[in-house]
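Here is a short report on a few places in a protein chain. Look at the sequence and the model first, then read on.

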Amino acid sequence: MLASTTGGAWARYASIIINAQTGQVLWEKNADDRNYPASLTKMMTLYMLFDSLEKGKTRMTSQMGVSSHAAAQAPSKLGLRPGSSLRVEDAIKALVTKSANDAAVVIAEYIGGDEATFAQMMTNQARRLGMTQTTFRNASGLPNPGQMSSARDMATLSIALQRNFPQYYHYFSLRAFDYNGTVIPTHNRVLLNYPGADGLKTGFIAASGFNLAASANRNGVRLVGVVFGGKTASWRDQHMMDLLDDGFRVAGGMARRGTPVPEDDDNARKAPKVAAAPEVTKPAVVAKVEKTSTQPKANAGGQTQLPNTLKNSWGIQIGAFSSLSIAQNQAATAASRIRSQAKSVQPAVTSAKSGASTLYRARVLGLSSEQTARSACNTLKGKEKSCVIIRPGATEMAYLP
């Protein structure tokens, strides 16, 4: 735990490094701990705006009205006046570079009508992306005790922004922008100082410490990293660069989970070193899954329809993933853990479009009743980040391992 300081308790340190192309976790520490996301929140605000642009509901040249509520937000801000307007593209640039809280609320009110409604829309979108630890209460990341996320969830969001909105992702690389004759530089020092870095977002409130989501591309390998709970901005930035260095060094193989960051150590700027490939920790063994006697039938798109015996059964869902293979492994592992109490269960992975990409939901089907499904979730508690009961018929299209 990072040391407490006068004026607010520092959040627990957390970090994660992921190969954005494969979903492979190269490093993680406390990655599922719930912390305050601070201005990393604005990545979801931008996700919602990009989605609105992609659907044709908004244009880059659209003028968004500024309310008294938006203008009254605490700094960092553009200093917008009530009754004025803000162009959509300028709002994007203001969030990415200056982390402008007034601009974030302008977006929220433009899309959601009011900030509270927009925050619920953000939370709903987070669930669709598989961000099970995240709840949003505002569009800016300003302090709110109910606004929580995790390093893993923010990495998931970072990758979703890259995959689902590649046409807009370049805005995260902005080093400065000109607003009404004033040049506003970026807060992101990793973007400025780390070779191959191409965005994302910084964040800070007293309760969270210094947070950062970063992305870098070297030799065709893209890594995404998130750090929560940095004691200073410079420590956070250096630590992220060290983690990325180690991540690129071992990007070809699974890295070993490392040792904790020393507590309250201003000199602990070097990242805990991950192991080289010969010393890797083996991934958890996935139990062999029994095949169903009823073979699924493929549709014209190459996907498979679930057999009626599974489609009309109760089930559970334990997460959503960008990789089909990861979702299959998660579903198979969960099925093996509850097979003793429900022998007929089968793993399944349902697919759903999310922008330009596909999300794969890891599910276990074949449960006989809601009570059995609840019992299965209780069995998995502590082993899975989430467990949601699926009613009969709510299985959509599916792949079966």
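Asn-35 is buried in this predicted model. Its relative accessible area is 7%, and buried means under 20%. Asn-35 sits in the loop between β2 (25-29) and α1 (41-54). The side chain of Asn-35 reaches the backbone oxygen of Arg-12 at 3.3 Å.

Leu-191 is another buried residue, at 3% relative accessibility. Leu-191 belongs to helix α7 (residues 189-193). Leaving out residues up to four places away in sequence, Leu-191 touches Phe-172, Ser-173, Leu-174, Arg-175, Ala-197, Asp-198 and Gly-199. Lys-201 lies 10 residues from Leu-191 in sequence. Their C-alpha atoms are 9.3 Å apart in space.

| Residue | Place | Relative accessible area |

Now turn to helix α10, residues 324-338. Helix α10 has 15 residues. From first C-alpha to last, α10 reaches 22 Å, close to the expected 21 Å. Buried residues in α10 include Ala-327, Ala-331, Thr-333 and Ile-338.

How do two packed helices get described? By the angle between their axes and the distance between the axes. The axes of α10 and helix α11 (residues 370-380) come within 10 Å and cross at roughly 105°. Therefore α10 is roughly perpendicular to α11. At their contact, Ala-334, Arg-337 and Ile-338 in α10 meet Ala-376, Thr-379 and Leu-380 in α11. The residues of this contact divide into 4 nonpolar, 1 polar and 1 charged.

Notes: Residues are numbered from 1 along each chain as its sequence is written. This is a predicted model: local features need pLDDT of at least 70, side-chain atom pairs count only at pLDDT 80 or more; totals for chains, interfaces and linings use all residues. Side-chain values use heavy atoms; hydrogens and water are left out. Helices (H or I, at least four residues) and strands (E, at least two) are DSSP runs, numbered from the N terminus. The expected span of a helix is 1.5 Å times one less than its number of residues. Buried means under 20% relative accessible area, exposed over 50%, partly exposed in between (1.4 Å probe, protein chains only). Axes are lines fitted to C-alpha atoms, for helices over the stretch in contact, and angles run from 0 to 180 degrees between N-to-C directions. Angles under 35 degrees count as roughly parallel, over 145 as roughly antiparallel, 65 to 115 as roughly perpendicular and the rest as oblique. Contact means heavy atoms within 4.5 Å. Ala, Val, Leu, Ile, Met, Phe, Trp, Tyr, Cys and Pro count as nonpolar, Asp, Glu, Lys and Arg as charged, and the others, Gly among them, as polar. A polar contact is a pair of N or O atoms within 3.5 Å; within protein, one must be able to donate a hydrogen and the other to accept it, and residues adjacent in sequence count only if both atoms are side-chain atoms.
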